[in-house]
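Keep the sequence and the model in view while reading.

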Amino acid sequence: MSRRDRPIPPLNRSALDRLALRYVERYATTRAKLIAYLNRKIRERGWEGDAPDTQALAAKMAELGYVDDRAFAEARAGAMGRRGLGARRVYDDLRHAGVDADDTEAVSPLVESDTIASALAFARRKRIGPWAREVPDRKGLEKQVAAMVRAGHSPSLAWKIARMDPGEDAESLLAQA
């Protein structure tokens, strides 16, 4: 019987601990994402013995410092802001990752302070407004604004940037903030 044909044994306490440790050493994660991963592994492989407590295991990993929701939120918010994504997208992503409201609130000054800079980064990347090659027609302008709104920026800021002429000084927006 080859290794591939052998059934995978169900998980036990020590195997679950090893899976959790392996996961947190490979990925920056939150407690909620770790719990979801462990529950998925238990569904896939089964469980041997009493019902497992994945929340307690995630709390243990957080207590040991392997999982830090606030540090995850800060790093994710910073990375998303540098990529040009707006506050709404950042908050949606943090909520989806299972970051609780207290940690999200702690990160909000960082997100809010970079609103214009991240919008300009997005506009630069997508060649909108001051970085456009030519002035777009009305339909093109609406498409550019829609792209910025989907990226999480406010419609008023998106219109302000999209209406700027190619080559115009975009840094003037930062001075107004």
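Y27 has a relative accessible area of 41%, so Y27 counts as partly exposed. The model is a predicted one. The points below begin with the rings and end with the surface patch.

**Aromatic pairs**

- Two aromatic pairs are present in the structure.
- One of them joins Y23 and Y27: the ring centres are 5.1 Å apart and the planes make an angle of 50 degrees, a tilted arrangement.
- Y23 also pairs with Y37; here the centres lie 4.2 Å apart and the planes are at 15 degrees, so this pair is stacked, because planes under 30 degrees apart count as stacked.
- Y23 belongs to helix α1 and Y37 to helix α2 (residues 31-45), so their pair ties together parts that are 14 residues apart in sequence.
- Through these ring pairs, Y23, Y27 and Y37 are linked into a cluster.

**Burial of the ring residues**

- Y23 counts as buried because its relative accessibility is 14%, and the cut-off for buried is under 20%.
- Y37 is buried too, since its relative accessible area is 15%.

**Surface patch**

- Which residues form a nonpolar patch on the surface? L21, L64 and Y66 do, and together they have about 290 Å² of accessible area.
- L21 sits in helix α1, which covers residues 13-26.
- Is L21 buried or partly exposed? L21 counts as partly exposed, because its relative accessibility is 38%.

Note on methods. Residues numbered from 1 in each chain as written. Predicted model: local features only at pLDDT ≥ 70, side-chain atom pairs only at ≥ 80, totals over all residues. Heavy atoms only, no water. Patch = residues over 30% accessible without salt bridge, like charges linked within 9 Å, V, L, I, M, F, W, Y side chains within 5 Å. Areas by Shrake-Rupley, 256 points an atom, 1.4 Å probe, with all protein chains shown as cover. Salt bridge = Lys/Arg side-chain N within 4 Å of Asp/Glu carboxyl O. Helix = DSSP H or I, 4+ residues; strand = E, 2+ residues; numbered from the N terminus. Buried < 20%, exposed > 50% of the residue type's maximum accessible area, 1.4 Å probe, protein only. Phe/Tyr/Trp six-rings, centres within 6.5 Å; stacked < 30°, edge-to-face > 60°.
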